[in-house]
Amino acid sequence: MPNRPEANRYREGIAMPRHQRTSTPAPSHAVTSEPNIAPDTATRARSLVVCRESNQYDCLLLEGLLEQTFAYLDLASVPTARLYGILPLTDPGQLPPDVPVITLVEGKTRASLMEIDGDYYLYSMASAAKFDERGNNEFTTLLCRVLERLRPLDMYAATHSRLVRGLTHGANLSSAVARHVDRVHAGTTTMDMRGGDRSVGHLLWTMLSMIASSERDLIVQRTSAGKVNQYSRGEWIQGNNSVPLGYQLTGKTLVVDPEQTELLNLAWTLMADPNLSSTEIVMRLAARGVSTPRTRKDGETIAELVGHHSWIQTQLWWADLYMTGKYTMRFKNPFPGAEHLAGCPVLYEIDESGVRDEIGVLEFDYDFGRPNLDPALITAAVRARRTSRPTGGAAKSHVPALNGLRWIADGIEYRLAGATRGMYALRALGDAERSDEDSIADGVA
């Protein structure tokens, strides 16, 4: 594995483990009629430690999970892993240059795979129960591919629920574990997936997976019922974690904050300028003290956010709220078949053939009132962000051929600034020693 690789997607493969990188080809696996016989261990990783935290934003919980996991491990690499903490996932660039770490991506789920003296550590902040449009859980898919590549003799986790949270996805993981792992250690519980006791190990795996799935379903059901009760009391169920710019929480209710009107108008005015990048907008607003509930806790502004473009997209997400003062939230019904949940009706969609949706949704309608923001400005900003200039590699194909061309005539320096492929602005920079620009003409080349 390279010391500091770019982010790798699984469809491009996972770096070859260190113990497999030899000058001679790795020995091929013997073909046998007994599928539970482990192949030659010379080409397999010694151990894989899995640390998955469901909360995608609370690094403190991930740090606590790491300590909980390390307490069960008897590996020589644990002191070093404890020293590095969550850096492999949050800031791998801060690790020593001789520590192999690779970023793995599956859909919207990210994970980091680090190697320390032959032991592998997989860190991720993702759900093991949510599924995508294809019915797959991204973390489970990611973990299965790691197991297929590393084929660890032992896999470790603090609890079984850190590996499995849904029966459907658990079946996929169970298949991968049966084919590629000898032993699974969940806390103090050890499950032999190969050898003479494999039947007991597989039975225990299935039982623990069912318990973890049922536990998660009960948590979701209780949480959903709690949200309904909050809504019935007029409370903003997202709480302080999601407060739009221009609003504030009064008690537990979201209301318009007149003191943020100026900042709100500034934000949407900047977003309406298609010539400004997401980073430029965020930095200007950060200079005025704009923050989020998450950054505000640390005394920081939105400048410290990792994804500036994501912050812009979040503001666009609230466009309907700013236009109408109303907002509707929809949640999947955790009790399929139920007509009501704590007094809130469950809505079922009926398709063109007259078949009713089997699950249904809960719908929460809010009316918070409109801030003092011009709807025309919102429309202009949404249009500008949808057609904003491309960045990175995509920008190269949009750069006009003569963009940046400079020449000096009669002591005056001129420059062509490309607007589109065929449109240029001719700018005069004054004499060759001056740097202030003065646009003198626009023309078509």
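**Exercise 1.** Determine whether Asp-182 and Arg-194 are buried or exposed, and which contact their side chains form.

*Solution.* Asp-182 and Arg-194 are both buried (under 20% relative accessible area; exposed is over 50%, partly exposed in between; 1.4 Å probe, protein chains only). The model is predicted: local features need pLDDT of at least 70, side-chain atom pairs count only at pLDDT 80 or more, and totals for chains, interfaces and linings use all residues. Residues are numbered from 1 along each chain as its sequence is written, and side-chain values use heavy atoms, with hydrogens and water left out.

Next, the contact. The two side chains form a salt bridge at 2.8 Å, N to O (a side-chain nitrogen of Lys or Arg within 4 Å of a carboxyl oxygen of Asp or Glu). Asp-182 sits in the loop between helix 5 and strand 7, and Arg-194 in the loop between strand 8 (189–192) and helix 6 (198–232), so the bridge ties together parts 12 residues apart in sequence. Helices (H or I, at least four residues) and strands (E, at least two) are DSSP runs, numbered from the N terminus.

**Exercise 2.** Find what Arg-44 forms with Asp-182, and where the two residues lie.

*Solution.* Arg-44 forms a salt bridge with Asp-182, with the closest N and O atoms 3.2 Å apart. Arg-44 is in the loop between strand 1 (8–9) and strand 2 (47–53), while Asp-182 is in the loop between helix 5 and strand 7 (183–186), so parts 138 residues apart in sequence are tied together. Arg-44 is buried, as is Asp-182.

**Exercise 3.** State how many salt bridges the rule gives.

*Solution.* The count comes to 11 salt bridges.
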